[in-house]
Amino acid sequence: MVRLDKASKTYRTKHGDVQALDRVSLQIQKGELVIIRGPSGSGKTTLLLSAGGMLRPTEGHVIVNNNDIYAMSKRERAIFRAENIGFVFQLFHLVPYLNIIDNVLMPTGVGRSRFGQKDAKEWLNRLNLAERMHHRPSELSAGEKQRTAIARAMLKRPQIILADEPTGNLDPENSDEIIGYLAEYHSSGGTVIVVTHGKAVDQYADRIVYLKKGHIDKP
Amino acid sequence: MTTFRLILKEMLQRKFNFLLSLLAVVIAAALFVSFFTTGESSKSETIRLMRDIGFNLRIIPKKTNMEKFWQTGFSEYTMPESHVYDLATHGGISYAHLTAILQKKLTWEGREVFLTGIAPEISPPGKKKTPMIFSIEQGNVYIGYEIAQSLGLGKGDRIDIFGKSFIIAQSLSESGSEDDIRIYAHLHDVQGLLKMENSINEIKALQCLCIVNNEQINSLEMLREQLAGILPDAKVILIQNIASAREGQRLMAERYFGFIIPFVSVVCMTWIGILAMLNVRERRQEIGIMRALGYGSGKIAALFLGRAVIIGLIGAVVGFSVGTSLALKFGPVIFKVTANMIEPRIQLLYWAIIASPAMCALSVFIPAMSAVAQDPAITLREE
């Protein structure tokens, strides 16, 4: 489903090159929930963004659903991402001038989408945000913002959800709720890759991958 | 979620940036509109002045050596006095005042003087005009200030010129020119004194114009051509007048605005470009998440270019209204003669609607490209 094949990523900085990923090979099967864990600077986010078609590796390949996504053109990759991958970030990244339902509907702005208002409302109901539908992100709590981001990621029912520290800014109660939604998505057959320091998601994980200095390490 | 809706919602959210950008477009459009609205009036006013005032001309014998003419102030050649009547009765020329002159520099009472014979002015048939040049009766003279002072002459005194007695009808005040050593007399008296009967060496034509159907076309060249047809042995010199001074002033104003308008446009475009760049910087994470959601480069660029086009359209309409209002309020104060010509020019609105969005889009092109080139992986990792 998702395969990294000897993927390396080097960042060029003014202080010299930083090797974020070093010939990482990893295979994640369809329907798996995999946790990527490791200390800060170990390359977790780089791995996640590379797997999501957002960050081209310096070397190696990333294969998603049998497609070498970095062999695609930028435009093809963007469409592929829109149709197959949902993202959840630690900082939510909601669009500040759109209300909650419009934020959830953001993915429908790409290509011809069969999803619309009805689906967005359904997700907002399911995530207990129906009453907040017409509120702006600035009027929501952190937990509500992250639930909105989850609804946005799941609106088009992508095959893969990539979550980068989804509970990093949340209290334990909200963290459990968010993890619960990701687990629910996984149990319905979705593939979930979560970068997290927290342990709450461990009980739902099929696998935990440890990263250290850009390498896959043993726990 | 359409691009248009995203743009509108963003503009309503970031009102300050939107209003500042709009202000820049309004200023540029209003300046453009007010200038061209009053500019047409200014042009028409000059044409009207040219038409009403006409050219002030000196018509002299064609053979005149101009070098000598400018040195002495008169032509050494003559032409028939009948030329002035030919001109006066020709239907193709309009004029306010025509007068025939014969003048010569000569020595009188041991000093050099200009003896100038002036015929009574001819006014257009049926029109009574106040004489522009004084009319002197036969047997009388007007004497210049310097002559009167040095010879102790005054009004009512008698003088003898080449054996003929004249009464000084007027002792002229100091002019600070060669007129101070001039003796003016009736043309026929001077012709008699100089034994140059029926001869003149100049015709002064004031407010002279060709008669053409189109008042917009009336140039000195046309008039010269027409005069050449009537008086083939004469040539024409233009005396600078108020109309040509006004024309010069208008051209200078046009040149000035020819500099000001591009200058203001560049300043406003830079202003819009800087605001757009700030807008791009403020929206880095938004662009990042859009990229993550699959928005392509075209859609990202459209967010910024579309925003600029909308600002340009609103700015064009508001700028047209402001510019027209300014022109209608202040234009009549400046252009009194053609004040009624200052009216809203709808074609300027069309131009503004085309040019403003295009210039706004051009201004934000670089910021839009920087938004497209932004690496979402970097912005999405920023905390």
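This is a predicted model: local features need pLDDT of at least 70, side-chain atom pairs count only at pLDDT 80 or more; totals for chains, interfaces and linings use all residues.
View 1. Chain A averages a pLDDT of 91, and 99% of its residues score at least 70. Within the chain, helix H3 (residues 100–104) of chain A comes out highest, at 95, while strand S10 (residues 215–217) of chain A is lowest, with a mean of 86.

**View 2. Strand S4 of chain A and the two strands it pairs with, S1 and S5.** On one pairing, S4 (residues 59–64) of chain A runs antiparallel to S1 (residues 2–13) of chain A, with 5 bridges joining them. To pick out one spot in that pairing, look for Leu4(A), whose bridge partner in S4(A) is Val62(A). S4(A) also runs antiparallel to S5 (residues 67–68) of chain A, this time with 2 bridges. Here Val64(A) has Asn67(A) in S5(A) as its bridge partner.

**View 3. The turn between S4(A) and S5(A).** Zooming in on this hairpin, there are 2 residues between the strands. Which residue takes a positive phi here? That's Asn65(A), with a phi near 50°.

**View 4. Where chain A meets chain B.** On the A side 29 residues are in contact with 26 residues of chain B. The two chains bury about 2400 Å² between them, and carbon and sulfur atoms give 62% of that area. In chain A, the residues that lose the most area to chain B are His93(A), Tyr97(A) and Met106(A), together 28% of what that side buries.

**View 5. A salt bridge between the chains, Arg5(B) to Asp102(A).** The rule finds 2 salt bridges across the interface of chain A and chain B. In the one shown here, the side chains of Arg5(B) and Asp102(A) meet at 3.3 Å, N to O.

**View 6. Two cysteines of chain B, Cys268(B) and Cys360(B), without a disulfide.** Cys268(B) is in none, and its nearest cysteine sulfur, that of Cys360(B), is 9.3 Å away, whereas the cut-off for a disulfide is 2.5 Å. Buried or exposed, where does Cys268(B) fall? Cys268(B) has a relative accessible area of 5%, so it counts as buried. Cys360(B) is buried as well, with a relative accessible area of 3%.

Technical notes
Residues are numbered from 1 along each chain as its sequence is written. Chains are lettered from A and ligands numbered from 1 in the order in which they are written. Side-chain values use heavy atoms; hydrogens and water are left out. Two strands pair if DSSP finds at least two bridges between them. Helices (H or I, at least four residues) and strands (E, at least two) are DSSP runs, numbered from the N terminus. pLDDT is the predictor's confidence in each residue, from 0 to 100. Buried means under 20% relative accessible area, exposed over 50%, partly exposed in between (1.4 Å probe, protein chains only). Contact means heavy atoms within 4.5 Å. Buried area is the accessible area (1.4 Å probe) that two parts lose on being put together, summed over both. A salt bridge is a side-chain nitrogen of Lys or Arg within 4 Å of a carboxyl oxygen of Asp or Glu.
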